[in-house]
Amino acid sequence: MDIDSLFRLDGRIALVTGGSRGIGRMIAEGFVASGAKVYVSSRKAAACEETAAALGPNCIALPADVATVDGCRALAAAIAEREPRLDILVNNAGAAWGVPFDQFPEQGWDKVMDLNVKSPFFLTQALHPLLRAAGDPTRPAKVINITSIDGLRLNAWETYSYHASKSALIYLTKRLAARLVRDGINVTSIAPGAFASDMNKAARDHGDAVARSIPAGRIGHDEDMAAAAIYLASRAGDYVVGETITVDGGLVHAALGQSIDA
């Protein structure tokens, strides 16, 4: 058993959407440290360039807006111009919207559902030829969808479309896994809990208060997220198909009573 290489990503090519900040950047940094060549993508070119410069020569900025099907196809075409295959796709780009029930707008429904559910499907579809070129039963390509513990349990906030979208993405993960495993592509998801980010301002700005509701006694560290993604992306996760790994310090499965939103 070659333990030294079990969690390595040497020679692998990865794309991380929403990779310039937050959870996407945590994953990108972990992939680079484990030996992968990583493309980071988001709408903001400057943020992508800053992340690529910080993470080193094996991290490449590739700005794109995946909020539309055309944007997904354009990003897939840009990768195809640069690489003959794609070993790892991380569908991390996402949005949230919190407004009271009687004021919740159609825009807050459509924007979140489109980016959180529709875009992962159509980007995976557009990248299917490159993923299929990379994968086979002995070393599958990987698609990792970033879902949320809010797809598994309720939080205290009125984030109607966000809850619905993350639950949908967890089940879309299973459906894609059932189809793509025959092409040597494993689809899984990670459901993060409280990690400091622009999307999770509670964890970012009030980490000590949020930590009091978490069985593990703290919010997530960058290494916690990177480790879970490396596990699924590496040879260590080759036999994991359709699964959602919860990375939340026990909020979903070990919390007693009501918790603060993560």
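## Aromatic pairs

Ring pairs join F101, F104 and Y160 into a cluster, where rings of Phe, Tyr and Trp (its six-membered ring) pair if their centres lie within 6.5 Å, with planes under 30 degrees apart counted as stacked, over 60 as edge-to-face and the rest as tilted. The model is a predicted one, in which local features need pLDDT of at least 70 and side-chain atom pairs count only at pLDDT 80 or more, while totals for chains, interfaces and linings use all residues. Residues are numbered from 1 along each chain as its sequence is written, and side-chain values use heavy atoms, with hydrogens and water left out.

The structure holds three aromatic pairs. One of them, between F104 and Y160, is edge-to-face, at 5.7 Å centre to centre and 90° between the planes. This pair links distant parts of the chain, since F104 lies in the loop between β4 (88–91) and α5, and Y160 lies in helix α7 (residues 160–180), 56 residues apart; helices (H or I, at least four residues) and strands (E, at least two) are DSSP runs, numbered from the N terminus. F104 is buried at 18% relative accessibility, whereas Y160 is partly exposed at 31%, where buried means under 20% relative accessible area, exposed over 50% and partly exposed in between (1.4 Å probe, protein chains only).

## Salt bridges

Eleven salt bridges are found in a search of the whole structure, each being a side-chain nitrogen of Lys or Arg within 4 Å of a carboxyl oxygen of Asp or Glu. Among them is the bridge of E50 with R25, with the closest N and O atoms 2.8 Å apart. This pair also links distant parts of the chain, with E50 in helix α3 (residues 45–55) and R25 in helix α2 (residues 22–33), 25 residues apart. Both partners are partly exposed, E50 at 43% relative accessibility and R25 at 23%.

R179 and D183 also meet in a salt bridge (2.8 Å, N to O), in which R179 is partly exposed at 33% and D183 is buried at 16%. Salt bridges that share partners join R12, R85 and D87 into one network.
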